[in-house]
Amino acid sequence: MSGPDGPQQRRSGLRDPQRAVRGLGAGTLALEALVLLLAIQPIRLVGGDLSAAAIGAVVALAVAAAMLAGLMGRPWAWNAGTVLQGLLLLSGLLHWSLLVLGVMFALVWAYAWHVRRVILG
C-alpha cells in the first residue's frame, strides 16, 4: 500500500494495531477477573479451607484486574498488569490453588506481552 509519502509498511496487517493490542490486554485481564471471582467457591469446596484473607485477596485482585482492563489505553497499564500477575503469584502463599491460578495467568500474560511485542515491534 502506498501513501502520499511513498510506500507504507504494516507489520501486522491490522488496521489499528494499537487498538488490537489494547483489546488483547483488556480481554486477558477481564477473563482473569471473571475466573478469579468464579474460582472462590470451588476452591472452598474442593481445595480445603480458604481463609478470609485469601478470599479478600482474590476479590481485590479481581477488582484490580477489571479496573486495569478498562485502563489498557494508558501507557503504564501493561506494566501494572505484570505487577498484578506477580501479586497473584504471591497470593499463592495464602492457598496453593491461588499459586496454580497465578502460574496459569502469568503464562497467559507473558504470551500477551509476546503478541504485543510482535505486533507493535
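**Group meeting: helices and a nonpolar patch**

Let's start at the surface. Helix α2, residues 52-70, gives the most to the nonpolar patch, with three residues. Keep in mind that this is a predicted model.

Who is in the patch? Which residues form it? They are Leu37, Val59, Val63 and Met67. Together they have about 350 Å² of accessible area.

Take methionine 67. It lies in helix α2. Is methionine 67 buried or exposed? Its relative accessibility is 54%, and the cut-off for exposed is over 50%, so methionine 67 counts as exposed.

Now the record. An unreviewed UniProt entry annotates residues 20-40, 52-73 and 93-113 as "transmembrane region". What does the model show there? Residues 20-40 are 100% helix and 0% strand. The end C-alpha atoms of that stretch are 31 Å apart. Residues 52-73 are 86% helix, again with 0% strand. Here the end C-alpha atoms are 33 Å apart.

On to helix α4, residues 96-120.

Which residues of α4 are buried? Among them are Ser97, Leu98, Leu101, Gly102 and Phe105. Further along come Trp109, Ala112, Val115 and Ile119. Here is a general point. An α-helix has 3.6 residues a turn, so residues three or four places apart point the same way.

What do the buried residues of α4 pack against? Their partners are α1 (17-46), α2 and α3 (77-90).

Last stop. Just after α4 comes glycine 121, with a positive phi of about 85 degrees.

Terms used:
Residues numbered from 1 in each chain as written. Predicted model: local features only at pLDDT ≥ 70, side-chain atom pairs only at ≥ 80, totals over all residues. Heavy atoms only, no water. UniProt positions renumbered as here; feature names shortened; annotations may be inferred. Helix = DSSP H or I, 4+ residues; strand = E, 2+ residues; numbered from the N terminus. Patch = residues over 30% accessible without salt bridge, like charges linked within 9 Å, V, L, I, M, F, W, Y side chains within 5 Å. Areas by Shrake-Rupley, 256 points an atom, 1.4 Å probe, with all protein chains shown as cover. Salt bridge = Lys/Arg side-chain N within 4 Å of Asp/Glu carboxyl O. Buried < 20%, exposed > 50% of the residue type's maximum accessible area, 1.4 Å probe, protein only. Contact = heavy atoms within 4.5 Å.
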